[in-house]
Amino acid sequence: MEVKIELTEKMKGVMESIEKMTVMELADLVKALEEKFGVTAAAPVAMAVAGAGAAPAAAGAAEEKSTFNVVLTSAGASKIQVIKELRSLTSLGLKEAKDLVDGAPKTIKENATKDEADKMKKMLEAQGAKIELK
């Protein structure tokens with residue numbers, strides 16, 4: 001059962017602004033909203049990311065690869081720095097980021113654009129992590 005929500009002009013304006021943001025800008029926005037309102041969006045975001053990656057995989061096999069999965073293969077010697085960088089790149093909380101780093105190899109981001117995947121890889125490798133793009 002799908003519920004239809006009527007959007008006001010103000011809500012439509014906010015939606016248009018969000019649509020124009022990059023993933024990194026959205027991650028920063030989520031952090032700011034979490035801090036301002038004392039809430040966390042980590043669980044719903046993690047579930048949405050996990051569900052979003054399953055369907056497009058089959059369709060992407062026939063065409064040139066335009067999306068990538070960013071996989072943390074190792075945290076390296078600077079595990080704390082990698083956790084901090086991972087938290088700045090995603091909306092993960094401290095525990096979730098630590099668990100992800102401790103459980104490597106783990107997928108950090110599914111269906112990232114080439115630019116987004118390269119940026120994440122560069123930033124995490126600068127902290128000593130080993131990253132693969134698949």
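Partly exposed here sits between two cut-offs, buried being under 20% relative accessible area and exposed over 50%, with a 1.4 Å probe and protein chains only. K65 sits in the loop between α4 (56-60) and β1. Its C-alpha is 9.5 Å from that of K134, which is 69 residues away along the chain.

Some housekeeping. This is a predicted model, so local features need pLDDT of at least 70 and side-chain atom pairs count only at pLDDT 80 or more, while totals for chains, interfaces and linings use all residues. Residues are numbered from 1 along each chain as its sequence is written, and side-chain values use heavy atoms, with hydrogens and water left out.

Now the overall layout. The chain has seven helices and three strands. Those are DSSP runs numbered from the N terminus, H or I of at least four residues for helices and E of at least two for strands. Going along the sequence, you get α-α-α-α-β-α-α-β-α-β. Of the 134 residues, 23% count as buried. The accessible surface comes to about 9,300 Å², and carbon and sulfur atoms own 59% of that. Areas are Shrake-Rupley with a 1.4 Å probe, and for residues only the protein chains shown count as cover.

What about contacts, meaning heavy atoms within 4.5 Å? Taking contacts between residues at least 6 apart in sequence, 71% join residues at least 24 apart.

On to the inside. Which members of the largest nonpolar core touch the most other members? They are V70, L72, L86, V101, I108, L124 and I131, out of 20 residues in that core. At least two core residues come from each of β1 (67-74), α5 (79-89), α6 (94-102), β2 (106-113) and α7 (114-126). The largest share, four residues, is from α5. For the term itself, a nonpolar core is a set of buried Ala, Val, Leu, Ile, Met, Phe, Trp, Tyr and Cys residues joined through side-chain atoms within 4.5 Å. And the general background: in soluble globular proteins, nonpolar side chains tend to be buried together.

Let's zoom in on L86. Leaving out residues up to four places away in sequence, L86 touches L92, A97, L100, V101, I108 and L124.

Then T73, in strand β1. T73 is partly exposed at 27% relative accessibility. With residues up to four places away left out, T73 touches A104, P105, K130, I131 and E132. T73 and V101 are 28 residues apart in sequence, and their C-alpha atoms are 8.8 Å apart.

Next, charges. How many salt bridges turn up in the whole structure? Seven. The criterion is a side-chain nitrogen of Lys or Arg within 4 Å of a carboxyl oxygen of Asp or Glu.

One of them joins the side chains of K109 and E116, at 3.8 Å from N to O. Is E116 buried or exposed? E116 is buried, at a relative accessible area of 11%.

Another pairs K114 with D118, whose closest N and O atoms are 3.5 Å apart. These two are four residues apart in helix α7, so about one helical turn separates them. K114 is partly exposed at 41%, and D118 is partly exposed too, at 33%. D118 also has E132 14 residues away in sequence, with 10.0 Å between C-alpha atoms.

E132 has a salt bridge with K134, at 3.6 Å from N to O. K134 counts as partly exposed at 48% relative accessibility, and E132 is partly exposed at 36%.

Last stop, the surface. V3, I5, L7, M11 and M15 make a nonpolar patch of about 480 Å². Patches are built from residues with over 30% relative accessible area and no salt bridge, joining like charges within 9 Å and nonpolar side chains (Val, Leu, Ile, Met, Phe, Trp, Tyr) within 5 Å. M15 lies in helix α1 (residues 9-19), and M15 is partly exposed at 44%.

That's what I have.

How values were computed
Contact means heavy atoms within 4.5 Å.
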